[in-house]
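Open the model in your viewer and keep the selection panel at hand. This tour goes stop by stop: what to select, then what is there.

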Amino acid sequence: MIDPEIDFVRKKHRDSAKGYLDNQKKTDGLLKKAILKARNNKGALGDAWEKLHLFFDLVQAYSKGEYRNVAPAAILSIIGAILYFVSPIDVVPDFLIGLGILDDAAVISFTLKKVSAEIDKYKNWKHSTVGNPLE
């Protein structure tokens, strides 16, 4: 079960995600920040690393208009999770080496559980159009 404080902050970021839905430039900027942070914290992210990259791929495809077969609530939750991930101000501040990324990973995992059916649909679509999405 996720900490109620983390869930509250995650929902706040999900609400902020609305400004990214139809703004490709803004979304690209967010993804660049998120990818850089993910690379810098790959070891600390553990299993969340691959999940996060699925989020990045889906949001990028959505932003470009390549893939829109996703529920609005799901894409907002995913963008919200990415916003939470890049935010330096969250439940456990990122400057706490080794601990600051744990809440980010928890939000990513929690969001993935909430949108797993949408992620599976996206992976199937990507596999059918461009090959295995994890290769």
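**Stop 1: α4 and α6**

Select helix α4 (residues 48-63) and helix α6 (residues 102-114); they pack at about 60 degrees, with axes 10 Å apart. Axes here are lines fitted to C-alpha atoms, for helices over the stretch in contact, and angles run from 0 to 180 degrees between N-to-C directions. The two helices are therefore oblique to each other. Angles under 35 degrees count as roughly parallel, over 145 as roughly antiparallel, 65 to 115 as roughly perpendicular, and the rest as oblique.

The crossing of α4 and α6 is left-handed. That term applies if the near helix is turned anticlockwise from the far one by less than a right angle; clockwise is right-handed. Now show side chains. From α4, pick Ala48, Lys51, Leu52 and Phe55; they meet Ala105, Ile108, Ser109, Thr111 and Leu112 of α6. Contact means heavy atoms within 4.5 Å.

**Before moving on**

This is a predicted model: local features need pLDDT of at least 70, side-chain atom pairs count only at pLDDT 80 or more, and totals for chains, interfaces and linings use all residues. Residues are numbered from 1 along each chain as its sequence is written, and side-chain values use heavy atoms, with hydrogens and water left out.

Color by pLDDT, the predictor's confidence in each residue, from 0 to 100. The mean for the protein is 81, and 78% of its residues reach 70 or more.

Zoom out. The protein has seven helices and zero strands. Helices (H or I, at least four residues) and strands (E, at least two) are DSSP runs, numbered from the N terminus.

**Stop 2: α2 against α4**

Select α2 and α4. Their axes come within 10 Å and cross at roughly 165 degrees. That makes α2 roughly antiparallel to α4. This crossing, too, is left-handed. Contact residues in α2 include Leu31, Ala34, Ile35 and Ala38; in α4, they include Trp49, Leu52, Phe56 and Val59.

**Stop 3: α2 against α5**

The α2 side of the contact is Leu30, Leu31, Lys33, Ala34, Lys37 and Ala38; the α5 side is Ile79, Ile82, Leu83, Phe85 and Val86. The crossing is left-handed.

**Stop 4: Ala81**

Click Ala81, in α5. Is Ala81 buried or exposed? Ala81 is buried, with a relative accessible area of 1%. Buried means under 20% relative accessible area, exposed over 50%, and partly exposed in between (1.4 Å probe, protein chains only). Leaving out residues up to four places away in sequence, Ala81 touches Phe55, Val107 and Thr111. Draw a C-alpha distance from Ala81 to Leu52: 9.1 Å, across 29 residues of chain.

**Stop 5: Lys26**

Go to Lys26, in α2. Its relative accessibility is 37%, so Lys26 counts as partly exposed. Setting aside neighbours within four places in sequence, Lys26 contacts Gly19 and Tyr20. Ser63 is 37 residues from Lys26 in sequence and 9.6 Å away, C-alpha to C-alpha.

**Last view: the whole chain**

Select everything. Of the 135 residues, 44% count as buried. Among contacts between residues at least 6 apart in sequence, 68% join residues at least 24 apart.
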